[in-house]
Each structure stands twice: as C-alpha cells, then as structure tokens.
Amino acid sequence: MSTVRLFFALWPSTRLAASLAGWAEQARPLTGGRAMRTETLHLTLAFLGPVDTALADELAAATPDRRLAPGDVAMERYGVFSRQRILWAGPADTPAGLQAAHDDLWQWLGGYGLAAPPQPFRPHVTLLRNIVHAHPPEETPAPLTWRYDRMVLVASESLTGGSRYRVVAQSRPRDP
Ligand code: 2AM
C-alpha cells in the first residue's frame, strides 16, 4: 500500500512569512537551533500522518469545498516545546474561531476514519528546530495579525536534512 504524509495548515502570505522569519532571527542567538526556511513556515490545523494515496486523492478533491470561516490569529508570543526542541511563535490563547475550524476539520476527517490526536490543539508556527536553550526569549517582536480565509492540504516528503512540502489542494475562500 502506498501512502503519503499529509497535513492541513494555514499558509502565511509572503509578507507575513518574512515577518515570522524575523522572529526566528531574533530568537536564534538566544536559543540556538536551525531556522525553518521562510517559504515553509505554516500553522498546522490537522496532522494526518501517512494516508493511503487513494484516500489522499479523495481528500484533495474534497478540500476546495471545505470553506473556512475567515478569522485571525495573533502571532504574539514565543513558546518552546522542550521535548521536541522547537521554538515557535503563536497566540497567547487559541482563538475560538480557529479552534472551531480545527474541530470542524477533524469532525469531517472522522468520516474518513481518521482520528484527531488526544492532545489539545496548540496553534503554533515552528520557527527553529534543535534548539539548545529551551527557554523562550523574554523580548518578543511586535505582534503580527494573521488574517486567514483558507487552508491548504500539504504532502510532506522526508529528505535528508528536512522535509519538502507540496501543496496539493486548498479550500476556496467564502464568498464576500
Ligand atoms: P511541528 O512543526 O510542531 O513539528 C508537518 O510535519 C507539520 O505537522 C508540522 O507543522 C508539525 O508540527 C505538524 N505535526 C503535528 N503532529 C505531528 C506529528 N506527530 N509528526 C510530525 N509532524 C506533526
């Protein structure tokens, strides 16, 4: 059986990604670690893991009609996941709209036999991996507002030294 590793994510505009890369740059002298490439920065809504390619095709075909209610999420703090040695940027609290988008998405995915992870949703953008000093820097850059109106379905291919991401589908924005 052939599989593909999939996840749904919010993808930042080029401009927002550049600002987030600035957050990574500010933190790196304090935490160490390896910066994610700017064009790969994202906020995961649902990590599906390896999925049979037939199901992946079905999900990609259905994604355009999974319209998201538009919303925003603040990038306002650094955080670390010390076990994974990750430094991230994200909101102080999960916005209700984003939580609802996450919950709706998993409810829909449940119809395909996929189950949400038991851990609560922690929206974040991974900025640095393999950090050495697992404490978030005290000084935070100016907060950013991320306005989103769609999500993307991404295939992740493992390569030596990282992952390559391929956007395979995206949801249509809602009509104004
Ligand atoms: P991370 O950045 O915190 O590692 C692709 O791997 C995306 O899915 C990343 O944003 C990653 O989050 C997220 N993800 C969530 N759960 C994962 C898991 N169990 N394994 C790999 N990636 C996971």
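**The ligand shell and an aromatic pair**

By class, 4 nonpolar, 4 polar and 2 charged residues make up the shell around the ligand. The model discussed here is predicted.

Trainee: Which residues surround the ligand, and which of them count as charged?

Mentor: The ligand is surrounded by Arg-5, Phe-7, His-42, Thr-44, Phe-47, Ile-86, His-124, Thr-126, Arg-129 and Tyr-165. Asp, Glu, Lys and Arg count as charged. The charged residues of the shell are therefore Arg-5 and Arg-129.

Trainee: How far from an oxygen atom of the ligand does a polar side-chain atom of Thr-44 lie?

Mentor: A polar contact requires a pair of N or O atoms within 3.5 Å. For Thr-44, the distance from a polar side-chain atom to an oxygen atom of the ligand is 2.6 Å.

Trainee: What share of the ligand's area does the protein bury?

Mentor: Taken alone, the ligand exposes 470 Å². Of that area, the protein buries 66%.

Trainee: Which elements give two or more residues to the shell around the ligand?

Mentor: The ligand takes up the space of the largest pocket. Two or more shell residues come from each of these elements: strand 1 (3-10), strand 3 (43-52) and strand 7 (125-129).

Trainee: Is the pair of Phe-8 and Trp-108 stacked or edge-to-face?

Mentor: A pair of aromatic rings is described by the distance of the centres and the angle of the planes. For Phe-8 and Trp-108, the ring centres are 6.2 Å apart and the planes stand at 70°. Planes over 60 degrees apart count as edge-to-face, so this pair is edge-to-face.

Conventions: Residues are numbered from 1 along each chain as its sequence is written. This is a predicted model: local features need pLDDT of at least 70, side-chain atom pairs count only at pLDDT 80 or more; totals for chains, interfaces and linings use all residues. Side-chain values use heavy atoms; hydrogens and water are left out. A residue is near a molecule or strand if one of its heavy atoms lies within 4 Å of it. A polar contact is a pair of N or O atoms within 3.5 Å; within protein, one must be able to donate a hydrogen and the other to accept it, and residues adjacent in sequence count only if both atoms are side-chain atoms. Accessible areas come from the Shrake-Rupley method with a 1.4 Å probe; for residues, only the protein chains shown count as cover. On a 1 Å grid over the protein atoms alone, a cavity is a set of points where a 1.4 Å probe fits but cannot get out, and a pocket is an open set with protein on both sides within 12 Å along at least five of seven lines; lining residues have an atom within 4 Å of a point. A molecule sits in a cavity or pocket if more than half of its atoms lie within 2 Å of its grid points. Helices (H or I, at least four residues) and strands (E, at least two) are DSSP runs, numbered from the N terminus. Rings of Phe, Tyr and Trp (its six-membered ring) pair if their centres lie within 6.5 Å; planes under 30 degrees apart count as stacked, over 60 as edge-to-face and the rest as tilted.
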